[in-house]
Amino acid sequence: MIDEIISWLLVIFGTTFPLYLIFRILGFKGFEELTSYVDLSTPYHKINPVTKLLILFSVTLIAAQSIWWVGLILGMIAIPFYYFLRRLKVILIFSLTQIIGLSWGFATFTSPTVLREIFGNNLTVIWKWPSYFIYMGYTPDLTLQAIIYSIQVSMRIWPMFLFSGLIFLTVNPSDLIRSMHKFKIPLPLIFAVAVGVISVPRIFEVADTAIKLQLLKGVGYKRNRILKIFYKLKAMFEAIIPLTIYEFKKARLISLSAETRAFMVYKDRTFLNDINFSKVDKIILIILIIAVIVDSYLVYSGYIPAIPVHG
């Protein structure tokens with residue numbers, strides 16, 4: 001009986017703690033801060049937007065094909081830029097949420113067969129789940145190797161999130177359109193990317209407002225503070241429909257606005273201000289090419305393991 005209570009407490013902790021960090025500590029306001037353009041002049045602002053997209057692509061490729069500590073190093077490289085952008089606190093909370101959430105999810109569902117293939121047959125069992133947990137998709141045992149493997153997997157995704165965030169924080173839509181147009185990228189693709197960059201922070205802003213309105217209407221009023229997060233979740237689900245309607249209306253307005261400005265009538269467009277591919281961008285591009293080639297050689301020659309084994 002005690003084992004079952006502890007098992008359920010572990011399940012509740014693993015599923016609710018990341019949600020607590022997201023909705024109680026970070027909140028939609030935090031997501032908005034992580035996806036809205038920051039009007040400063042940091043070193044990352046001075047890089048061409050296309051170069052930033054290439055950095056993201058290269059980081060994703062290297063982290064995906066290399067061992068976990070390569071992803072950790074790439075993530076640590078990105079962290080100082082958030083300090084200059086005054087977003088260090090929110091990115092650390094987001095990173096903690098992402099690592100805990102992914103690690104717990106993989107640790108409880110990773111097949112023992114996969115773990116034995118990576119770590120051998122001597123798996124260290126930390127906790128035995130009740131037998132009926134297998135119907136929820138859980139493995140019979142929670143092992144130390146499963147936790148290690150899960151943290152390693154999360155390190156493959158972490159740098160991708162960090163460098164994606166740097167694009168949102170340091171690229172305004174005008175610069176993005178100008179730079180992508182200069183590289184002869186098709187206008188429909190440019191338009192789609194620009195709309196995405198504009199819309200993502202607004203989604204979090206509108207979601208935050210919609211939830212606050214739900215709370216003002218009385219959701220969770222005079223209820224236990226411990227259960228407040230669940231009322232906040234209830235308010236979030238009740239805000240989905242108004243948020244969806246708002247976004248559809250906003251999409252229509254963007255479409256009408258683009259048509260009135262003759263967007264895509266001509267293949268080429270002229271811009272008042274130009275954006276250059278500087279010497280720094282060329283140096284970064286050379287470094288990226290060398291990094292991808294060297295990493296691919298080390299991985300496929302066996303010097304860096306291609307699967308997230310320990311070492």
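Trainee: What volume does the second largest pocket have?

Mentor: In this predicted model, the second largest pocket has a volume of about 280 Å³. Its lining comprises 14 residues, and those closest to the centre are Ile55, Ile77, Phe163, Ile284 and Leu288. Two or more lining residues come from each of the elements α2 (49-65), α3 (68-84) and α11 (279-300).

Trainee: How do the residues of that lining divide into nonpolar, polar and charged?

Mentor: The lining of the second largest pocket holds 13 nonpolar residues, one polar and no charged.

Trainee: Let us turn to helix packing. How are two packed helices described?

Mentor: One gives the angle between their axes and the distance between the axes. Here, the axes of α3 and helix α4 (residues 88-109) cross at roughly 140 degrees and come within 8 Å.

Trainee: Which residues of α3 and α4 meet?

Mentor: From α3, Ile79, Tyr82 and Tyr83 meet Leu88, Ile91 and Leu92 of α4. The residues of this contact are six nonpolar, with no polar and no charged.

Trainee: Finally, the domains. How is the size of an interface often given?

Mentor: It is often expressed as the accessible area lost when the parts come together. This chain is divided into domain 1 (1-171 + 288-301) and domain 2 (179-261). Their contact takes 15 residues from domain 1 and 18 residues from domain 2. Between the two domains, about 1500 Å² is buried, and carbon and sulfur atoms give 77% of that area.

Trainee: What distance separates the centres of domain 1 and domain 2?

Mentor: Taken over C-alpha atoms, the centres of domain 1 and domain 2 are separated by 24 Å.

Conventions:
Residues are numbered from 1 along each chain as its sequence is written. This is a predicted model: local features need pLDDT of at least 70, side-chain atom pairs count only at pLDDT 80 or more; totals for chains, interfaces and linings use all residues. Side-chain values use heavy atoms; hydrogens and water are left out. On a 1 Å grid over the protein atoms alone, a cavity is a set of points where a 1.4 Å probe fits but cannot get out, and a pocket is an open set with protein on both sides within 12 Å along at least five of seven lines; lining residues have an atom within 4 Å of a point. Grid points are joined across faces, edges and corners, and a volume is the space filled by probe spheres set on the points. Helices (H or I, at least four residues) and strands (E, at least two) are DSSP runs, numbered from the N terminus. Ala, Val, Leu, Ile, Met, Phe, Trp, Tyr, Cys and Pro count as nonpolar, Asp, Glu, Lys and Arg as charged, and the others, Gly among them, as polar. Axes are lines fitted to C-alpha atoms, for helices over the stretch in contact, and angles run from 0 to 180 degrees between N-to-C directions. Contact means heavy atoms within 4.5 Å. Domain bounds come from an automatic or database domain assignment. Buried area is the accessible area (1.4 Å probe) that two parts lose on being put together, summed over both.
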